[in-house]
Amino acid sequence: MVRMVALAALWGCSGGDGGSHVDGNGGGKVAGTRDTLVIGAQSDIGQLIPILNETSADSAVIGNLEFPLIDSEFDCSLKKLPGIAKTWEWNEDGKILRMELRDDIKWEDGTPVTAEDIAFTYDLVADPTVKSPRLQFVERLAPDARPKIIDATHIEWHFTTAYDRDTQVSHVGLGLVPKHVFADADRATLRGHPKHNEPLSYGPFRLAKWEPNQRLVLEPNPNFSGPDSYKPHLSRVIFRVIPEYSARLIELEAGKIDLMEGLLVADADRIREEHPEIRLVRKGWRAQDYIGWNLSNPLFNDVRVRKAMAMAADINGMIEKVLTSKTGEKYARPAIGTITPALCGVHNDDVKPLAYDPDAAKALLAEVGWKDSDNDGVLDKDGQKFAFKLTTNTGNKRRADVAARFQDDMKKVGIEVNIEKIESNSFFSDLRERKFEAALSGWSAGLFVDPSDIWHCDSPEKKSEFNFTGYCNPEVDALIDQGLATSNPKDSAPLWRDMQAKIYEDQPYLFLWWQDEIVAIDSRFENVKIDILSTLNRLDQWEVPADKVKYKH
Amino acid sequence: MTRVVRHEQQAPPALARAGLLLPGLGHLLTGQAVHGIGMLLLTGVWLLATVSGFTRLGAVLTDPTTGRILPGAIVALVTWAGLAGALWFGAWRLVSPRQLDDEAFNSNREIFRRTLLRHTTGMLGAYGVAFLVLLVLLAPMIAPFDPNAVDTGPKAVGPSAMFWMGTDELGRDVWSRILFGGRISLSIGFIAVGLSATIGTAVGAVAAYFGGLVDRVLMFLVDVLLSLPRLVLLLTIVGLFRTQGALGILLIVVVLGVTSWMGIARIVRGEVLSLREREFVQAARALGYDAQRILFRHLIPNAMGPVMVHCSLAIGATMLAEASLSFLGLGVPPPIATWGVMVDDGRSPLRSAPWISIFPGMAIMIAVLSFNLLGDGLRDAMDPKLRGHQ
Amino acid sequence: MWKYVVRKIALAIPLVWCVVTLVFLLLELSPGTVADKFFTPDTPPELQQLIVEQYHLDDPAWVRYLAMLRNLVLFDFGSSMATGRPVLEIVQSALPNTLLLSFTTLCTLFPLGVAIGTLQAVRHRTPLDTTLSVGSLVLYSMPEFWYAMLLQLFAALLWSEWIRHLGEVGTLSEHWVTLLELPATDMKDPISYEYMAFPEQMLDRFKHLLLPGFGMALASSAGVARYMRSGMLEVVRQDFIRTARAKGLRERTVILRHAMRNAMLPIITLIGLSVPALFSGSVIIESIFAWPGMGREIVTAIYTQDTPVLIAMFYVFSLLVAAGNLIADISYAWADPRIKMG
């Protein structure tokens, strides 16, 4: 008897799938759309409520459910395009940003998107009980961190100080939370709100289905009321969650997924030869690898030591070995700072990376007093060995390889490096707490210049958030403050170039390189716009010619 | 009393003498295929070590940067000499077999030895274990390259005459890394199982000897731990208590040990319970020996047989668990390489360079298989019911 | 019968209690304060205070322990620290998938193991016996993840590539290609499942179970085969089998009716004992074959030190193990006439 019951329960459950369903237009497709794009993703989304999402997987999905306040595209710098805001302007001192809003944008359920929704969203972000990871976005917004509503189509953002305008726009451009759905929600448990997995779209796509850890399906939003140029051409977009890289690759080669990011160079080589139907796209210069020196560690507080290590590390050799294809194509270029070369005109092309020269490095170390006096192969000074721990995060093959190569390079000049890998979350919290000796990690470059979080000295009231190495140079601080106060990009560019040169001189990090990400896409997709902003930024423009359609339904 | 002298099976002397030339050949020619192949395999390892070790003895013995003598190399030399002795002793034994009197011939120990030696699969396992342990101990003499030096060859090239098992993404020689990585993998297996055998024996003996509430509580604990998914428990503990470097590896060994003693505790308890009522224990008790002495001198030693069998099987299981931890990113911290870590290294390039993970995976498989076969052999050799079968 | 069942259920309660207590102890003893697991260093102080209040982190350990027990009994698992999703929702979406996979594995692994073991015992000391012994032991000795990865590579990629090639050449019709292609990941066709007719859906489910379910069961059936083989050898020597043979019964009847039935008894206990091992396996198999189940959720929870999820997962696992034991006990009692019910 008991056995029977257990069996029934098993089959009963397996039929249900446990997925969440958002029923829309009964699966009928929107006219003029065709074919399905299948994306192989490494991890599932965590949160679909816009202000609470944390991972890039979340943003890739959420970004397609919204119509931005101010849209942007990237060409040497961020270009702002009208979104919900038809027009916008700053006042003279740069502290007030006025916007005129469209009145025709609607939520998926037909309710209009209003200034009230924007204000409600910012109320939520500013409320600490919500625990939004975007809390720092509203720190310089006044009053009450919410926009001032002038009338139905006009709002004003008031800032406590004038700062970089691109940063200001990014701070006010958060995805919106529908007030009519969440107005009465308990804010402490917003993430677990019954509607958390049924986000209301006001963008080109809507969420059709989400089966956790399995797949998430987007379909065109039939009630999208934005400009026609944003209307999608694909009838479905499916995100499949496949955690294993090799499994993702198998599915890509089998044609079961159409898009995969983060291909290894060796696999790109092979795919180029064996799979003419797969197109490989380079997504450039957004990601940097670096080794940060904890400047409070006595080992690293002499700039000559840091320079010597930079000269002892064969960065071009590593690029050659780790990031170069068989055909000799290099997927990285040496970096000299945290400003991406994609920001043309701002990136300082005159700073040349220190050349690989282990002998000069040894000489420089000897000058500081590091010599191998006991002949054990490791440099020493006052009885102390030159040995340190290089920490990096687990699960990143490239960094593991780079760490081993760096270890080998350092060994050649008599420096002992011990590699330690820790799980990503604790690694990043150690970085922020500056609990490391040397750390191999990376930046994702900002697409506008606001280096204050990375380079500004700690102030008594606020620790500089991403200043992992504890860097402090008053001259650099002065340049940053001056640059941020300059509203014309033409005038601030020389200041930023100057800053990069100064920082490179100080070598607080060993900047390794900017690498390209390799994205594989099935070649039937056309109008694919993959830019530095994100792979799926303009998913609505992707289309498949009628004769190449793979999935008919 | 007349003493009957019994000879072990006499082999044809001429063919058997071939073994003195190449240990194992004699066994093979006289029809003892398993011993022949096994010994030839070990002889092969010995010859390999001789050829590759003595042609570059200086490089093997000393650290290239400091010129100091490496302790690992000394161990290798001693192993090399010991192996030579053992191989030729085995070959000589075939030529001139032992002569045993009846009493010795029929002793338990002798029967066990004979049964085990005739147990085909068990001996395959034993030779497999010996093969791996020797490879690993002789690693400094055999390994053609420094296992951790990057760019010994081009990156990710397939097996070739120079790189027998190819190179990995960092241009390190996979074969050399397997040899040195095996040291850690096998050590983890042995130490963790040693630990679990100690805990298991203690718990099992205490539970059985004292009985009553103690027994019930301890056995309930065993049930609870057995009902937890071991890998999930391992992951949780390692994930929560993670540390780095030598402590990290110690943590893994300890956790592997403390999550696997339950089987042994049950076995020891069963054995002790049945031994407790036997005459020699009753006698010891009548003589007024205290509990401790009876436990340690009489009960536990007599329960060791089944524990040995279980340990052999457990080493395999432990090596698999260690590999699974590495696969899930919570294994031995770098730069220490184990076979599990190496399989994990080859995960992403599986499509473009499968040898990086296939060879260490095979090493794990061979090790686990050998320990399992050996364990089965030991069990059969100890089981009086099965003696004479096989 | 009912008394027996009730007694067994009563025995399961302390087991589940012990498991959650153990997990609670582990969490308490692990480095860092309880609160550390709940914030990152840049959590603002006022927020830390809120979190402390929300999760009652400043209560003494025993108060939190009792609260945890109460919540578990009420199936109130709280919400995930990492995503804020209710833990119950996570369990509800992942558990059926894991059960489907484990159940398939179980239903394949035991019959297969019993069949192989019986065959070996019947053909005792023949080359077939040795081949099967060593062969199944080889599979059994492979690291699970390594075997799974190779299975995926060879069975899914190379086989399917060959099938598709045959389709392109024209040897196989499109229908056969779709039928024979083996999926490498996922539990159902992610693209067309909802457009399939019911029989097609069932077939699709079955195909997706082939590698992670049946394929993995193949490797672990070796353990059952070993038990079955030695059990059969033991039984075959016993008097009643000799009697049966003496009565002139056919060998097939003797083996199938009499010997197997008796040798199966210990195997039933093994079913109960193998439930924890199945869950261990799910951790690895689910991530390789992209199966959306509990194994992946628990690994994520361990990486992110997601305390509420961890506790709930262990609780659910221990309930399932207890249920497995219960089913095994009852089946055993039902199959073995020597155990009296009541």
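Because the model is predicted, local features need pLDDT of at least 70 and side-chain atom pairs count only at pLDDT 80 or more, while totals for chains, interfaces and linings use all residues. Residues are numbered from 1 along each chain as its sequence is written, chains are lettered from A and ligands numbered from 1 in the order in which they are written, and side-chain values use heavy atoms, with hydrogens and water left out.

**Domains of chain A**

Chain A is divided into domain 1 (1-65 + 201-258 + 525-553), domain 2 (67-189) and domain 3 (285-516), with bounds that come from an automatic or database domain assignment. Taken over C-alpha atoms, the centres of domain 2 and domain 3 of chain A are separated by 36 Å. Contact here means heavy atoms within 4.5 Å, and by that rule 12 residues of domain 2 of chain A meet 10 residues of domain 3 of chain A.

Buried area is the accessible area (1.4 Å probe) that two parts lose on being put together, summed over both. Three residues, Phe74(A), Cys76(A) and Asp164(A), supply 45% of the area that domain 2 of chain A buries against domain 3 of chain A, more than any other three residues. On the side of domain 2 of chain A that touches domain 3 of chain A, β4 (77-82) and α4 (165-172) of chain A each supply at least two residues, where helices (H or I, at least four residues) and strands (E, at least two) are DSSP runs numbered from the N terminus. The largest share of that side, 4 residues, comes from α4(A).

**Two contacts in numbers**

A salt bridge is a side-chain nitrogen of Lys or Arg within 4 Å of a carboxyl oxygen of Asp or Glu.

| Pair | Buried area | Share on carbon and sulfur atoms | Salt bridges |
|---|---|---|---|
| Domain 2 of chain A and domain 3 of chain A | about 940 Å² | 65% | 0 salt bridges |
| Chain C and chain A | about 4,500 Å² | 60% | 6 salt bridges |

**Chain C against chain A**

The contact takes 49 residues from chain C and 52 residues from chain A. The side chains of Glu194(C) and Lys209(A) meet in a salt bridge at 3.8 Å, N to O. Elements that give two or more residues to the side of chain C that touches chain A include α2 (45-55), α4 (87-122) and α6 (144-169) of chain C, and α4(C) gives the most, with 8 residues.

**Arg191 of chain A**

Arg191(A) lies in the loop between α5 (179-182) and β10 (205-211) of chain A. Arg191(A) is buried, with a relative accessible area of 13%; the term buried means under 20% relative accessible area (1.4 Å probe, protein chains only). Not counting residues up to four places away in sequence, the residues that Arg191(A) touches include Gln47(A), Glu54(A) and His196(A), together with Thr83(C), Gly84(C) and Arg85(C).

**Chain B**

The secondary structure of chain B comes to 18 helices and 2 strands, and the C-alpha atoms of chain B fill a box of roughly 70 × 65 × 40 Å, taken along the principal axes. Of the 390 residues of chain B, 52% count as buried. Among the contacts in chain B with a separation of 6 or more, 70% are accounted for by residues 24 or more positions apart.

How values were computed: Buried < 20%, exposed > 50% of the residue type's maximum accessible area, 1.4 Å probe, protein only.
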